[in-house]
Amino acid sequence: MSGFVVSIFAGLIALSALVFDGARLVSQRAVLDDHTANAARAAAQEIIDIRLGNERIDPQAGSAAAHRYLAQHDLVGNVRIDGLSVEVTVVRIVPMTLLSLVGVKDQVVASTREVQVVDE
């Protein structure tokens, strides 16, 4: 009987660890998605050559704006600017709390967001 109780208890602990750390991963992904999109929007505001009819995002200013936003939130990412398009990718390593007890260490959470400037 005690072996059964121990195995049920161990199973409940493992399930609790999955729920707790899984919820942390989902939460971190949502936060990362928001910051990635905001960094892309910050870069997209750096439009040049409007009066020349050749609108585009200034690559240096746009990249600097995105990196500045990310730095304010202790994040590092890659920024790719092409014409009126900005793509930002951010990767964060999330340490596991309870799952580390069973050997699951850090998990990687990544987010990529693209912003297109539309001229209507």
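Which helix holds both Arg24 and Asp21, and how many residues apart are they? Both lie in helix H1, three residues apart, or about one turn of the helix. The legends below describe close-up views of a predicted model.

Figure 1. An α-helix has 3.6 residues a turn, so residues three or four places apart point the same way. Arg24 is partly exposed, with a relative accessible area of 25%, whereas Asp21 is buried, at 0%.

Figure 2. The view shows Arg29 in a salt bridge with Asp33, with 3.1 Å between the closest N and O atoms. These two residues are four places apart in helix H1 and are therefore separated by about one helical turn. Asp33 counts as buried at 16% relative accessibility, while Arg29 is partly exposed at 38%. Another salt bridge joins the side chains of Glu87 and Arg80 (3.5 Å, N to O); Glu87 has a relative accessible area of 23% and Arg80 one of 40%, and each is partly exposed.

Figure 3. Although 81 residues separate Ala110 from Arg29 along the chain, their C-alpha atoms are 7.2 Å apart. With a relative accessible area of 37%, Ala110 is partly exposed.

**Figure 4. Helix H1 and the elements that cover its buried residues.** H1 has 43 residues and reaches 63 Å from its first C-alpha to its last, close to the 63 Å expected at 1.5 Å a residue. Its buried residues include Ala17, Asp21, Leu32, Asp33, His35 and Thr36, together with Ala37, Ala39, Ala40, Ala43 and Ala44. Among the elements covering them are strands S1 (47–48) and S2 (56–57), helix H2 (59–72), strand S4 (85–94) and S5.

**Figure 5. The largest nonpolar core, with a view of Leu70.** This core has 20 residues, of which Ala39, Leu70, Val86, Val88 and Val90 touch the most other members. Two or more residues are given to the core by each of H1, H2, S4 and S5. H1 provides the largest share, six residues. Beyond its neighbours within four places in sequence, Leu70 is in contact with His35, Ala39, Leu75, Val76, Gly77, Val88 and Val90.

**Figure 6. A nonpolar surface patch that includes Leu18 of helix H1.** Phe4, Val5, Ile8, Leu12, Leu15, Leu18 and Val19 make a nonpolar surface patch of about 690 Å². Leu18 is found in H1, which spans residues 2–44. Leu18 is exposed, with a relative accessible area of 51%. In soluble globular proteins, nonpolar side chains tend to be buried together.

**Figure 7. Asp74 in the loop between H2 and strand S3.** Asp74 has a positive phi of about 55° although it is not a glycine. The loop that holds Asp74 lies between H2 and strand S3 (77–82). At 69% relative accessibility, Asp74 counts as exposed.

Methods: Residues numbered from 1 in each chain as written. Predicted model: local features only at pLDDT ≥ 70, side-chain atom pairs only at ≥ 80, totals over all residues. Heavy atoms only, no water. Patch = residues over 30% accessible without salt bridge, like charges linked within 9 Å, V, L, I, M, F, W, Y side chains within 5 Å. Areas by Shrake-Rupley, 256 points an atom, 1.4 Å probe, with all protein chains shown as cover. Salt bridge = Lys/Arg side-chain N within 4 Å of Asp/Glu carboxyl O. Buried < 20%, exposed > 50% of the residue type's maximum accessible area, 1.4 Å probe, protein only. Expected span 1.5 Å × (residues − 1). Contact = heavy atoms within 4.5 Å. Core = buried A, V, L, I, M, F, W, Y, C linked by side-chain atoms within 4.5 Å.
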